[in-house]
Amino acid sequence: VTLEQFFGQLATFGGIAGVYIFTAVLTAFITSHYVFRWRTAMNDYYVEHWHRLRHIEGASQRIQEDTQKFAQTVEGLGANLVEALMTLIAFLPILWGLSAYVKELPLVGEVPQALVFVAVIWAVLGTAGLAVAGIRLPGLEFRNQRVEAAYRKELVLGEDDARRAEAPTLGSLFLDVRANYFRLYWNYLYFNIVRYGYLQASVLVPYVALAPSIVAGGLTLGVMQQVIRAFGRVEQSFQYLVRSWTTIVSLISVYKRLRAFEATLSDQPLDVIEAEARPLQP
């Protein structure tokens with residue numbers, strides 16, 4: 001290979017990178033407009049019915065902030081889902097072919113297409129484990145928005161009325177904020193133990209799956225590295241829900257807040273969580 005050919009290949013890469021930069025910038029620009037137009041549609045709809053919605057606790061915040069959060073979060077999750085699917089389409093056939101080098105699994109024995117089998121089962125176990133560990137988080141996030149809204153509302157009223165936002169009232173409202181945050185932190189503690197423990201264990205999964213083949217000398221170092229890389233990409237795609245779980249929790253809490261608008265406009269009863277009293281102070 002001559003020096004001219006070497007730099008010619010780098011120029012080829014530069015051309016491909018230029019197309020990627022143009023596409024990425026254009027996509028981000030179009031997506032930003034799409035998300036804001038989605039927020040605009042929700043905003044206009046709820047503002048049109050403001051006279052029926054204004055009595056819902058924190059209605060102003062739900063229209064001003066939650067519509068934007070909902071649109072942005074759904075767009076982000078959707079983009080990540082498409083990326084996961086494209087990665088799966090690209091790497092699943094590779095892992096499928098490399099599975100021919102793996103004749104058996106520890107404790108299980110011979111399994112057709114063993115690596116794909118392991119990736120799917122491990123992702124399902126992680127998703128189920130995080131769903132159980134984080135089952136309370138959406139409700140706590142919802143309550144967190146309620147207490148924050150109550151505290152913010154009192155401060156805003158105090159800007160125009162000297163009789164509002166007095167120290168005892170603000171102190172009581174902030175204790176509600178504090179109590180809910182501490183409860184949220186405690187629940188995230190064991191959720192993160194499960195989450196980070198699972199993700200770290202995922203590093204060892206391909207090595208465990210390859211153990212019989214490695215010990216038997218059935219793999220070269222090069223093949224082993226190819227298997228591990230392909231397995232990692234496929235496993236990561238299957239773990240879309242695992243890696244997006246905190247974002248999904250936030251989305252569910254926002255959905256619960258906007259769901260109150262939809263229920264009111266449809267003359268349906270509000271969710272039970274809307275009727276809960278203010279959280280008890282510790």
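**Ground rules.** I am working from a predicted model, where local features need pLDDT of at least 70, side-chain atom pairs count only at pLDDT 80 or more, and totals for chains, interfaces and linings use all residues. Residues are numbered from 1 along each chain as its sequence is written, and side-chain values use heavy atoms, with hydrogens and water left out.

**Entry 1, the cores.** I looked up the largest nonpolar core and found 31 residues. For this term I take buried Ala, Val, Leu, Ile, Met, Phe, Trp, Tyr and Cys residues joined through side-chain atoms within 4.5 Å. Buried means under 20% relative accessible area, exposed means over 50%, and partly exposed is in between, with a 1.4 Å probe and protein chains only. Tyr-46, Phe-191, Leu-258 and Phe-261 touch the most other members. Elements giving two or more residues to this core include helix H1 (3-48), helix H3 (59-98), helix H6 (167-215) and helix H9 (245-265). H9 gives the most, with nine residues. I take helices from DSSP runs (H or I, at least four residues), numbered from the N terminus. Another core, of 22 residues, lies apart from this one; Val-102, Val-111, Ala-209 and Met-224 are among its members.

Which residues does Tyr-46 contact, leaving aside neighbours within four places in sequence? I listed Leu-53, Ile-63, Thr-67, Leu-258, Phe-261, Glu-262 and Leu-265. Contact here means heavy atoms within 4.5 Å. Tyr-46 has a relative accessible area of 3%, so I call it buried.

I counted ten aromatic pairs. Rings of Phe, Tyr and Trp (its six-membered ring) pair if their centres lie within 6.5 Å; planes under 30 degrees apart are stacked, over 60 edge-to-face, and the rest tilted. Tyr-45 and Tyr-46 make a tilted pair, 5.6 Å centre to centre with 55 degrees between the planes. Tyr-45 is partly exposed, at 36%. Next I checked Tyr-188 and Phe-191: their ring centres are 5.9 Å apart and their planes at 85 degrees, so this pair is edge-to-face. Both lie in helix H6, three residues apart, about one turn of the helix. Tyr-188 is buried at 17%, and Phe-191 is buried at 0%. Tyr-34, Trp-38 and Phe-70 form one aromatic cluster.

Is Arg-257 buried or exposed? Its relative accessibility is 1%, so it counts as buried. Arg-257 sits in helix H9. Not counting residues up to four places away in sequence, Arg-257 touches Gly-58, Gln-61, Arg-62, Asp-66, Phe-142, Gln-145 and Arg-146.

Most residues other than glycine have a negative phi. I noted Ala-165, with a positive phi near 60 degrees. Ala-165 is in the loop between H5 and H6, and it is partly exposed at 21%. Asp-267 also has a positive phi, near 60 degrees. Asp-267 lies in the segment after H9; at 64%, it is exposed.
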